[in-house]
Amino acid sequence: MIEIKDIYKSFSGNDVLKGISGTFKEGVTNLIIGGSGSGKTTLLKCMVGLHQPDSGSVLYDGRDFTAMDYGERIEVRKEIGMLFQGSALFDSMTVEENIMFPLNMFTDQTRSEKLERVNFCLERVNLEGKNKLFPAELSGGMKKRVGIARAIAMNPKYLFCDEPNSGLDPKTSIVIDELIKEITEEYGTTTIVVTHDMNSVMGIGDYILFLHEGKKFWEGSNKEIAHTDIQELNDFVFASRFMKAAKDKF
Amino acid sequence: MNFTNFGRYILLLKSVFRRPEKLKIYFKEIAKQMDYVGVGSLGLIAIISTFIGAVMTLQIAFQLVSDFIPKTIIGSVNRDSSILELSPTISAIVLAGKIGSAISSEIGSMRVTEQIDALEIMGINAPGYLILPKIISGITMVPMLVICSMFLSIAGGYIGGSISGAVTPNEYIQGITTDFNPYTIVVALVKAFVFGFIITSVPAYEGFYVRGGALEVSQASTRAVVISCISILVCDYLVTQLLL
């Protein structure tokens, strides 16, 4: 379980996060949603320690991450897997080397054991046999899947995904969403996905936290999201013609 | 570099020299970087050093108009200039352009494509993993390149003098073997060590803190080369003042 308490963050006097609190449940897909500039990615980066919040705390199973020293943070980070918006694959390495990299750094496994794990992860994301390709040779969707394979290589307890569907076609987006959902359920990870894609919200949003202008406006599940009277949330949810038409119809 | 940047540079270096997670991986990276910095730059340094040595001989001969000065002095002056100043400094400035810009754009591109964030999320000390192998290769390979440059510069002087007839081979050989002070080699190697550190650490700093996109990465590369060159010249003066 990950808890955030009263997170504030500003950049050069511009307040981006204004006292956000919430609890992300274990073994389910938690979504942070909101419009562009609402502070979703900043919140995610504060949670994983890429940004230091101005105040507030992030608790991983009760351990205060924000108060930890460098060595303690490294230990928590070994339990974290992250899928980046642009996949962030190391472009000088092959797919195999990318996935094997954390195993090389932190385990004493033999080469064949590591290779077995790499092949398992690639199979899990339906990319068997793509070991020797370089990131430049992969499509956007394949890069995301390799990113997921690398993120799960170390069996993480917490999985973070930053805009996993950005730049993907609707069909590939659904494949990625389903993959995230399956991995969460299979391994019982605490998964946190930052997105503004309503398909993802309706498809995999077990717990949703809605941000607007740096503040938490709503929290709940995808079953409840279409039935609120919060204007800001309704503006976000029914912004697309499809969702608006669906609402009018039913 | 203003004081804020200098402070951040020092803090980055502190992170660079943290204990590595796994030495084996670092050794592999160091070997890769040594190959790139050392072997990859040898051709360029060889061409530049040979021609500079040849041109130096011609210019010294041109300036020595007095019949009272023996021609052997051409060899002596060329030797001392090459060892003390030209080989370390010119090599370092050339390497700052070649290696410095490459380091800055490599690390800068990794920053803007979130590859550095990915390293940090995995629990890896990104400054250590990315910068330490480069610094170690710089402080070991640049002195070796400078040693090659010294030999080639002096050999270039021999070739230039012989072809042009500015000095006979015998006079040149006599010049370079007369009154040789081995301490000049020590001074040159100290300079090369310092320059090797600057050439790798300053561009790494510029790349590591890039914010933005492709434009900012290219600007950081330019800044890295300019700051490295200025730092090399300042340190050149300081080391010379301290050691001679």
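The model is predicted, so to speak of local features pLDDT must be at least 70, and side-chain atom pairs count only at pLDDT 80 or more, while totals for chains, interfaces and linings use all residues. Residues are numbered from 1 along each chain as its sequence is written, and chains are lettered from A in the order in which they are written.

**Stop 1: helix 6 of chain B.** Select residues 169–177 of chain B. Helices here are DSSP runs (H or I, at least four residues), numbered from the N terminus. Tyr172(B), Gly175(B) and Ile176(B) are buried (20 or more other C-beta atoms, placed from the backbone, within 10 Å of a residue's own; 12 or fewer is exposed). On the face turned away, find the exposed Asn170(B) and Thr177(B). Now show helix 3 (72–112) and helix 5 (126–164) of chain B, which are among what covers the buried residues.

**Stop 2: where the chains touch.** Here, 13 residues of chain B are in contact with 14 residues of chain A (C-beta atoms, placed from the backbone, within 7 Å). Select helix 4 of chain B, residues 115–121: five residues of chain B's side come from this helix, the largest share.

**Stop 3: Phe160(A).** Leaving aside neighbours within four places in sequence, Phe160(A) is in contact with Leu44(A), Val48(A), Ile80(A), Met82(A) and Ile192(A).

How values were computed: Helices (H or I, at least four residues) and strands (E, at least two) are DSSP runs, numbered from the N terminus. Two residues are in contact if their C-beta atoms, placed from the backbone, lie within 7 Å.
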